[in-house]
Every structure is written in C-alpha cells, then in structure tokens.
Amino acid sequence: MIFPSRAMRLALSLCMSIFLGVVPFSASAQEKAITINMKSNVQTDYMNGLLKLALGYSGKDYVYHSTSEVYSRPRLMESVKNGSVSVMWGGTSEQMEKDFIPIRIDAYRGLMNHRLLFIREGDQARFDQVKTLDDLRKITFGQGRSWQDAAILEQAGFTVIKATKKPSLYYMLDGGRFDAFPRGANEVWTELSAFPDLPLTVEKNLVIIYPLPTYFFVSPEDPELATDLENGLEAAIADGTFDRYFFASPEVKEALTKANLSKRRAFRIDNPFLPKATPLNRKELFLDLTNIQTEEE
C-alpha cells in the first residue's frame, strides 16, 4: 500500500475544506505584500496613514514595502500599470480611471480642490492687484508635466510652464521661470518648510478652486487590493473613523488654520476632464466650504 505524503495529505485536506465551504484560518495565507512609492521630503504621512487605516478593515495582514527611491510621476504610473508598485494616489481623470482601478472616494474631502500659490518673497504686491480672472491669466504658473492640474489650467486659458520632476518647480519659481506654483491648501506649508533656503512664500489673498478629487489608484493586476481599499474607506466613513482621522491630521489642521479660505478672493474654474463617474452627489465625501466668497468665471 502507498501512503500519501504529508504535503499531499494537507493538500487533500484543504481541497475538502474548500469543497465543504470551511477554509481553515492561516496567518500566512492572509498575509499580503504591497509596494508604494517612497515618500518624498515634501509629503506628509497622511495618504500612507489613510491607506493603512482603510486596509486595516480587511482582516488581512498587509505588509508594506516602498520603492528604493522616490519615483517621478511618469515612472510611478508605469510601475503601477505593470504591477511592480501596488497603489498610488493623485487627481483623477478619464485616462487615469481607464489605466488603473480608481477608488472613487476623495481622500482629502475636497480640500485639495482649493489651490493656493507659492510665490517669490517680495512679489505679494503684484498679486494684490489681481481682481478678475483676466488679471489672474496674466500670471504664469508652474506645474508637473504629467499632472492633471496642468491640463485644467491650460484649458482655462492660463499659461503653464511644465517640469518632469516636482522638486525642479520650486527652483524654477525662484529662478523666475514662472510667477506662481499652485498647490493644494493642505500641501503648501509642508512644502514650504522643505525648502527653507529658497526665498519663497505663500500668497496671502487668492485661491483657485476646481473639482479634482484625490483618489487611490490601484494596479489593474490587483483587483483584490482595490476591493479591500474601497470597502475599508466606506467602512471608515460609516463609523466616523475617516472624519476623526481627517480632522486630527496635522496637515489638515495646519491647512484649515493657516489657509483662511473664507477670507480669500476665490476664482472657480471648470475641470472639463472630470470623469462622469465622479460621485459629486455624495456630500459626505467633501468638506463643506460653502461660506467662501467666490467670483464665478
């Protein structure tokens, strides 16, 4: 008589368990590794923390790895597309939602839709004269070459100077290549502190507003991760954890305190690239900033 090996007996046992609908718990079977882009010196831990918060609802042991260096946006997008990086985040577009699996929950609750301007120290008086959109269109802006913001601003009639690598933009602004560098209201002070040797500051009176939700985008190779991430974010919204995380974030606290959004002259522009599937009707996903005095285009 031939007796089955231990490995064969385990395999037969597992198959029988699956057939009967009873799968024994195994810590190793639940462990799942994901890779994210290395955090740069101008990023906070907010998105990494939100990612881990959401995946904490999955019941799986997610193990996090980062790339060995900070990838440029084009390289990151290609890496997520081919599955060597598991997830990234940023503003959405039809093309992004075609190339990746989008998690259609705005990570920043609409705060990132409010763009403040990095300018050179000593230039505030010029921006004090900006009263209309036509005045604003005389300002040249810097943006990342592959960023959706660049296309939105160009479509609205602004002149945009582009760079492939984000850090270059701060030095280009300092060097006079353009007049202002728009950034999310939650980004400007973190980024300003990352370049203490550059004579840059945050413009005091203006805000540009356009709808551009910040989503997690998952590799098409990993729909399981996308499902876990979406389910986790929905659960965090439902039980209030998302709200607590958002308002407790040092990045968000600083933005809401320093941006003084309700006192700024606001210019709303359209985002013609916003996907039709954007859940703008889900008011719980967006921060209420309706008290802003705005100038419509």
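Me: Is Glu203 buried or exposed?
Reply: Glu203 is buried, at 0% relative accessible area. Buried means under 20% relative accessible area, exposed is over 50%, and partly exposed sits in between (1.4 Å probe, protein chains only). This is a predicted model, where local features need pLDDT of at least 70, side-chain atom pairs count only at pLDDT 80 or more, and totals for chains, interfaces and linings use all residues. Residues are numbered from 1 along each chain as its sequence is written, and side-chain values use heavy atoms, with hydrogens and water left out.

Me: Which side chain does Glu203 meet in a salt bridge?
Reply: That's Arg264, at 3.6 Å, N to O. A salt bridge here is a side-chain nitrogen of Lys or Arg within 4 Å of a carboxyl oxygen of Asp or Glu. Arg264 counts as buried too, at 5% relative accessibility.

Me: How many salt bridges by that rule?
Reply: The count comes to 22.

Me: What about Lys32, which residue does its side chain meet?
Reply: Asp222, in a salt bridge of 3.1 Å, N to O. Lys32 is in strand S1 (31-36) and Asp222 in the loop between strand S11 (214-218) and helix H11 (223-239), so the pair ties together parts 190 residues apart in sequence. Those are DSSP runs numbered from the N terminus: helices are H or I with at least four residues, strands E with at least two.

Me: And Glu284, what's its partner?
Reply: Arg282, with the closest N and O atoms 2.8 Å apart. Glu284 is partly exposed at 38% relative accessibility, and Arg282 is partly exposed at 22%.
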